[in-house]
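Subject: Structure handover

Hello,

Here is the structure I promised to pass on. Please open it beside this email and follow along.

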Amino acid sequence: MAGGCRAPSSAPTVSLPELRSLLASGRARLFDVRSREEAAAGTIPGALNIPVSELESALQMEPAAFQALYSAEKPKLEDEHLVFFCQMGKRGLQAMQLARSLGYTGARNYAGAYREWLEKEG
């Protein structure tokens, strides 16, 4: 896909219905940027917990180091749907902006955050 206009689906925020369909099709990578304690108490299935305080260093690691630390493949700069979320939406937004500043063009924030997920899906 060449540069120029991106489809509206690349908006930096993702809604719950959209998140559901991305997860159902296996197209999204979810990152829980809350603290380990918060994530341990419950998270969205399939999410990788990287607290926002360590996200910048995590996204700049060598892929092998990332894999060793998080037991997961490091996201690629061109990955389309890297969805960040926190408890209320604020840290998810920070995380998305940080990832975008590092060149992750597909970084998005699930604005409803875990609170909405718990309410509607939990």
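Start with Asn109. Leaving aside neighbours within four places in sequence, Asn109 is in contact with Pro12, Thr13, Val14, Phe84, Phe85, Gly89, Gly92, Leu93 and Met96. Contact means heavy atoms within 4.5 Å. Asn109 sits in strand E5 (residues 107-110). Asn109 is buried, at 3% relative accessible area. Buried means under 20% relative accessible area, exposed means over 50%, and partly exposed lies in between (1.4 Å probe, protein chains only).

A word on the source: this is a predicted model, where local features need pLDDT of at least 70, side-chain atom pairs count only at pLDDT 80 or more, and totals for chains, interfaces and linings use all residues. Residues are numbered from 1 along each chain as its sequence is written, and side-chain values use heavy atoms, with hydrogens and water left out.

Now the sheet. Five strands form an open sheet in the order E1-E5-E4-E2-E3, with parallel pairing. Its edge strands are E1 (13-14) and E3, and each pairs on one side only. Strands are DSSP runs (E, at least two residues), helices are DSSP runs too (H or I, at least four), and both are numbered from the N terminus. Two strands pair if DSSP finds at least two bridges between them.

Look at E2 (residues 29-32). E2 and E4 pair in the parallel sense over four bridges. Leu30 stands opposite Val83 in E4. Phe31 stands opposite Phe84 in E4. E2 also runs parallel to E3 (residues 48-49), joined by two bridges. There, Asp32 stands opposite Asn49. In a regular strand, side chains alternate between the two faces of the sheet.

Next, the cores. A nonpolar core is a set of buried Ala, Val, Leu, Ile, Met, Phe, Trp, Tyr and Cys residues joined through side-chain atoms within 4.5 Å. Which members of the largest core touch the most others? Of its 20 residues, they are Leu48, Ile50, Leu55, Phe66, Tyr70 and Phe84. H3 (52-59), H4 (63-70), E4 (82-85) and H5 (90-101) each supply at least two residues of this core. H5 gives the largest share, four residues. A second, separate core has twelve residues, including Val14, Leu22, Ile44 and Tyr110.

Tyr70 deserves a look of its own. Apart from neighbours within four places in sequence, Tyr70 is in contact with Arg36, Leu48, Asn49, Ile50, Glu54, Ala58 and Met61.

H1 (residues 16-24) and H6 (residues 113-121) pack at an angle of about 80°, with their axes 11 Å apart. So H1 is roughly perpendicular to H6. That label covers 65 to 115 degrees; under 35 is roughly parallel, over 145 roughly antiparallel, and the rest oblique. Axes are lines fitted to C-alpha atoms, for helices over the stretch in contact, and angles run from 0 to 180 degrees between N-to-C directions. Leu16, Leu19, Arg20 and Leu23 in H1 meet Glu116, Trp117, Lys120 and Glu121 in H6.

Is Ser71 buried or exposed? Ser71 is exposed, at 63% relative accessibility. Ser71 is in the loop between H4 and E4, and its phi is near 50°, a positive value in a residue other than glycine. Ala113 lies in H6. Phi of Ala113 is near 65°, also positive in a residue other than glycine. At 0% relative accessibility, Ala113 is buried.

Best wishes
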